[in-house]
Amino acid sequence: MEHITLLLGIVIVTALVFDFTNGFHDTANAMATTISTGALKPKTAVAMSAVLNLVGAFLSVEVAKTISGGIINEEGIRVEVIFAALVGAILWNLLTWLLGLPSSSSHALFGGLIGAAVMSAGWSSVNGATIVTKILIPAVAAPVVAGIAAMLATRLTYRIGARADEKATRKGYRAGQIASAGLVSLAHGTNDAQKTMGIITLALVTGGVVAPGSNPPMWVIVSAGTAIALGTYLGGWRIIRTMGKGLTDLAPPQGFAAQTSAATAILASSHIGFSLSTTQVCSGSVLGAGIGRKGGVVRWSTATRMFAAWGLTLPAAGLVGAGAELLTKQGTWGTVATGVLLVAGAGAIWALSRRQPVTVDNVNDLAAEPAGVVTTAIAAVTPPPAGPVSVVDAPADLKTTIPAPGAEPTRPATV
């Protein structure tokens, strides 16, 4: 570490700040369903998730190697490029957190890195084949696979438990949710913590500290795991609310099915080096669990906003990263200005979040979604009262014209 310059040190610290935002942005992936169904208390849930994120960071380095030596070509890339990429990723993470949208921290990082690299050295600096095979294809396939798996698992779970004692199954599903949430947290550590390890290792390669193709040093693994664990413990309550209550109303069997499906997909991808978005996987599994329950309701307006955020993440973070890189290319003053803009933007987003804070105390309080046009129109039509009309409540003119049931009609008197 004696060869680390001041600029490289700033980049490493900025990467750990991104890792911290990744932690509280993605806490919902593991714990939203557990918190929303009451299987664990909110503070207990995030503490458990933080510990397992830290443990997961030590289990693999395959994803880190993909990022440090696969997405962009290290030759000709300056350390400032990494800094600019992190600026784009952090600002997008904070913006989507403010809106309560479970977007992908991973794709924010990839987008910022691609945008900054292209601005610095052109399109030749980007490995298109790696981006397609290890980022874009998993981005589309993973949430679909996890959603289908969660839907089928939900239906199977309800079918198996249909004749079981309700009280016993409730306890069983609570234990299953806790175990599956722990598995998701472990998987999140093996996948997302590695992304920061990869970006720090890439910075060390560009700074000439380590050789290209090297594994992350142990101090990088420890610092990245600690940063994401601290962010996880902070708890991204806004996104936890959206994932736990905003997409669908989850019962314990659904939560268990969703978390198990998500953990399986994440761990499998980490093993083969696919740097997928854990957010997209977990969101897809929650939607699948909502569809899988008979009579379940999915709030598609919230899902649509989430899908839009997914699609915008790569290009939006890429544009911010490219703009930041354009500024850093101007010299030392440009790099300083980029850092000032990052701090100012983060401060402004935090100030806006204080207007309507979401905390551990109100994370499960969610106002009903506004009714759509059709629902409003139906509600506006007042149907006639059902059943016979009471003589007491009937208008006065009807009292003189409607005979009592079974009585003979009154005939006019004759003289």
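Trainee: Is Trp97 buried or exposed?

Mentor: Buried. Its relative accessible area is 11%. Keep in mind that this is a predicted model.

Trainee: How many aromatic pairs does the structure hold?

Mentor: Three. One of them joins Phe24 and Trp97. The rings sit 5.8 Å apart, centre to centre, with 75° between the planes. That makes the pair edge-to-face.

Trainee: Where in the chain do Phe24 and Trp97 come from?

Mentor: From distant parts. Phe24 is in helix H1, residues 6-36, and Trp97 is in helix H4. They are 73 residues apart.

Trainee: And Phe24, buried or exposed?

Mentor: Phe24 has 7% relative accessibility, so it counts as buried.

Trainee: Which residues form the aromatic cluster with Trp97?

Mentor: Phe20 and Phe24. Together with Trp97 they make one cluster.

Trainee: Which charged end sits over the ring of Trp97?

Mentor: That of Arg238. It lies 5.5 Å from the ring centre.

Trainee: What about the face of Tyr233, what lies over that?

Mentor: Lys43, at 5.3 Å from the ring centre.

Trainee: New topic. How many salt bridges does the structure hold?

Mentor: Two. In one, the side chains of Glu80 and Arg78 meet at 3.3 Å, N to O. In the other, Glu325 pairs with Arg78, and the closest N and O atoms are 2.5 Å apart.

Trainee: Which residues end up in one network?

Mentor: Arg78, Glu80 and Glu325, through salt bridges that share partners.

Trainee: Are those three buried or exposed?

Mentor: Take them one by one. Glu325 is at 0% relative accessibility, so it counts as buried. Glu80 is buried too, with a relative accessible area of 17%. Arg78 is partly exposed, at 29%.

Trainee: Now the nonpolar side. How many residues does the largest core have?

Mentor: It has 87. Those with the most contacts inside it are Ile71, Ile82, Leu86, Leu113, Ile199 and Met243.

Trainee: Which helix gives the most to this core?

Mentor: Helix H4, residues 79-99, with 14 residues.

Trainee: What do nonpolar side chains tend to do in soluble globular proteins?

Mentor: They tend to be buried together.

Trainee: Which residues make the nonpolar surface patch?

Mentor: Leu54, Phe58, Met218 and Val222. The patch covers about 340 Å².

Trainee: Where is Leu54 found?

Mentor: In helix H2, residues 42-56.

Trainee: Why does Leu54 count as partly exposed?

Mentor: Because its relative accessibility is 31%. Partly exposed sits between the buried limit, under 20%, and the exposed limit, over 50%.

Terms used
Residues are numbered from 1 along each chain as its sequence is written. This is a predicted model: local features need pLDDT of at least 70, side-chain atom pairs count only at pLDDT 80 or more; totals for chains, interfaces and linings use all residues. Side-chain values use heavy atoms; hydrogens and water are left out. Patches are made of residues with over 30% relative accessible area and no salt bridge: like charges are joined within 9 Å, nonpolar side chains (Val, Leu, Ile, Met, Phe, Trp, Tyr) within 5 Å. Accessible areas come from the Shrake-Rupley method with a 1.4 Å probe; for residues, only the protein chains shown count as cover. A salt bridge is a side-chain nitrogen of Lys or Arg within 4 Å of a carboxyl oxygen of Asp or Glu. Helices (H or I, at least four residues) and strands (E, at least two) are DSSP runs, numbered from the N terminus. Buried means under 20% relative accessible area, exposed over 50%, partly exposed in between (1.4 Å probe, protein chains only). A nonpolar core is a set of buried Ala, Val, Leu, Ile, Met, Phe, Trp, Tyr and Cys residues joined through side-chain atoms within 4.5 Å. Rings of Phe, Tyr and Trp (its six-membered ring) pair if their centres lie within 6.5 Å; planes under 30 degrees apart count as stacked, over 60 as edge-to-face and the rest as tilted. A charge sits over a ring if NZ of Lys or CZ of Arg is within 6 Å of the ring centre and within 35 degrees of the ring normal.
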